[in-house]
Amino acid sequence: MQALQRDARDHGLLWRVQRDGRTSYLYGTLHVGRLEWVAPGPQLSAALRETDTLALELDLNDPAVQREMAASLARRADALTLTSTQREQLRRQTEAACLPPAALASLHPLMQAMTLMLLDARWVGLDPSFGQEMVLSQVARAVGRPVVSLETVATQVGTLIPDDPGLVRTRFEQALQHLEDRRGRAVTLRLATVWAEGRLDDLEN
């Protein structure tokens, strides 16, 4: 960790917002990362020092948020009927992720597939454990900085699992297909690379 902090570089995109004598920063984050990205670079470190609160989309390090998220997702776990083939595909992908067979069973099938896609990124050197929001939350808490969530669990769950059954099934089938043919790895790697290099035009594309 000392070496990572000593050699830390800035990654991603950081904007400064000023109004009425107050300064805020907007930092675009990813839900996956690399170990060498864990330590904030010079500009991000300066932004953290100059602010008094860290506001995240949703603070998943907050135990209350974790409990509410788990309960909300569990209530929707049976909202999609799977074929025997799809159940076998999920089982196979769960095994490939080195998880116990029942590890994700309480989640909605779409959440299972999305979680497996995040874990699948480990094959190209990216890990959800090193996602910037998780890291920033830990850094802020270590120095006693308040951390707040900008969204609610209900909003997040509604975005992840839409009310439209047709859209849910389409997203599930697409995620499962990306896992099966491994296309998701290349997409995730490209996204992470252009993010790390701050290539906004490529990100917009």
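**Close-up views of a predicted chain**

**View 1. Val124, a residue in the loop between H5 and H6.** Val124 is found in the loop that joins helix H5 to helix H6, and the model in which we look at this residue is a predicted one. With a relative accessible area of 22%, Val124 counts as partly exposed, because the partly exposed class covers what lies between the buried limit of under 20% and the exposed limit of over 50%. Once residues up to four places away in sequence are set aside, Val124 touches Arg34, Arg185 and Leu189.

**View 2. Helix H6 and the elements its buried residues pack against.** Helix H6 is made of residues 132-142, and within this helix Gln132, Glu133, Val135, Leu136, Ser137 and Ala140 are buried. Which elements do the buried residues of H6 pack against? They pack against strands E2, E3 (54-56) and E4 (147-149), and also against helices H2 (42-49) and H9 (183-196). Just after H6 comes Gly144, whose phi is positive, at about 75 degrees.

**View 3. Gln112, a buried residue of helix H5.** Gln112 has its place in helix H5, which covers residues 109-120. Is Gln112 buried or exposed? Its relative accessible area is 11%, so Gln112 is buried, since the limit for that class is under 20%. A polar atom of the Gln112 side chain lies 3.5 Å from the backbone oxygen of Leu104.

View 4. Most residues other than glycine have a negative phi. Asp20, however, takes a positive phi near 50 degrees, and its place is in the loop between strand E1 (13-19) and strand E2 (22-28). With a relative accessible area of 72%, Asp20 is exposed. Cys98 also has a positive phi, near 65 degrees, and this residue lies in the loop between helix H4 (84-96) and helix H5. The relative accessible area of Cys98 is 68%, and therefore Cys98 too is exposed.

**View 5. The whole chain, as a setting for the close-ups.** The chain contains ten helices and four strands, and, read from the N terminus, these elements follow one another in the order α-β-β-α-β-α-α-α-α-β-α-α-α-α. Along its principal axes the C-alpha trace spans about 60 × 35 × 30 Å. For 205 residues, a compact globule would have a radius of gyration near 17 Å, and the 18 Å of this chain agrees with that value. Buried residues account for 35% of the 205 residues. Among the contacts between residues at least 6 apart in sequence, 78% join residues at least 24 apart. The chain exposes about 12,400 Å², and carbon and sulfur atoms supply 53% of this area. There are 23 positive and 26 negative charges, and their mean positions are 3 Å apart.

Definitions and conventions:
Residues numbered from 1 in each chain as written. Predicted model: local features only at pLDDT ≥ 70, side-chain atom pairs only at ≥ 80, totals over all residues. Heavy atoms only, no water. Helix = DSSP H or I, 4+ residues; strand = E, 2+ residues; numbered from the N terminus. Rg over C-alpha atoms; globule rule 2.2 N^0.38 Å. Buried < 20%, exposed > 50% of the residue type's maximum accessible area, 1.4 Å probe, protein only. Contact = heavy atoms within 4.5 Å. Areas by Shrake-Rupley, 256 points an atom, 1.4 Å probe, with all protein chains shown as cover. Lys, Arg positive; Asp, Glu negative; His and termini not counted. Charge placed at Lys NZ, Arg CZ, Asp CG, Glu CD. Polar contact = N/O pair within 3.5 Å; in protein donor to acceptor, adjacent residues only side chain to side chain.
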